[in-house]
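This report goes through one protein model, from confidence to core, surface and charged contacts. The sequence and structure come first.

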Amino acid sequence: APAPAAPGPEEGTAEGLCSSYLCRHVRVGDRLFARVRESSFKLPRNPTTPVIFAAVGCGVAPFRGFLREIRRSRPSTPQGPAVLFFGCGRETEDWVYREDTAGGAP
């Protein structure tokens with residue numbers, strides 16, 4: 001389903017790939033099969049270790065979570081750099097997390 005885009009001059013909606021598919025193809029009463037499993041992604045134990053994230057086909061949500069975890073779980077500890085690479089075809093339209101990612105972790 002469309003979700004609000006990040007506030008800014010290009011306010012509008014951004015449709016997620018999975019949620020859009022579900023909204024278009026799944027009806028009330030349909031059966032879905034899904035599973036949740038524990039993530040094997042872990043941050044390095046040494047907080048000064050540089051981290052490179054590459055959002056290749058999975059969206060940026062998991063990586064935004066890591067950036068938040070870095071800032072919240074280790075607020076007074078010096079941190080190594082964290083870099084996130086992701087695809088963005090039209091910067092003014094597609095980069096809906098600009099404010100969250102600009103200048104570091106939210």
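## Model confidence

The model is predicted. Its protein chain has an average pLDDT of 74, and 75% of the residues reach a score of at least 70.

## Nonpolar core

The largest nonpolar core is made up of 10 residues. Its members are Leu43, Val51, Phe53, Ala55, Val60, Phe63, Phe66, Leu67, Ile70 and Leu84. At least two residues of this core come from each of β3 and α2 (61-73). The biggest share is that of α2, which gives four residues.

Val51 is one of the core residues. Leaving aside residues up to four places away in sequence, Val51 touches Pro44, Pro81, Ala82 and Val83.

## Nonpolar surface patch

On the surface, Tyr21, Leu22 and Leu32 form a nonpolar patch. Together these residues have about 310 Å² of accessible area.

Leu32 lies in the loop between α1 (17-25) and β3 (51-55). Leu32 has a relative accessible area of 54%, and because exposed means over 50%, Leu32 counts as exposed.

## Salt bridge

How many salt bridges does the structure hold? There is one, and it joins the side chains of Glu38 and Lys42, with an N to O distance of 3.9 Å.

Glu38 counts as exposed because its relative accessibility is 71%. Lys42 is also exposed, at 58% relative accessibility.

Definitions and conventions: Residues are numbered from 1 along each chain as its sequence is written. This is a predicted model: local features need pLDDT of at least 70, side-chain atom pairs count only at pLDDT 80 or more; totals for chains, interfaces and linings use all residues. Side-chain values use heavy atoms; hydrogens and water are left out. pLDDT is the predictor's confidence in each residue, from 0 to 100. A salt bridge is a side-chain nitrogen of Lys or Arg within 4 Å of a carboxyl oxygen of Asp or Glu. Buried means under 20% relative accessible area, exposed over 50%, partly exposed in between (1.4 Å probe, protein chains only). Patches are made of residues with over 30% relative accessible area and no salt bridge: like charges are joined within 9 Å, nonpolar side chains (Val, Leu, Ile, Met, Phe, Trp, Tyr) within 5 Å. Accessible areas come from the Shrake-Rupley method with a 1.4 Å probe; for residues, only the protein chains shown count as cover. A nonpolar core is a set of buried Ala, Val, Leu, Ile, Met, Phe, Trp, Tyr and Cys residues joined through side-chain atoms within 4.5 Å. Contact means heavy atoms within 4.5 Å.
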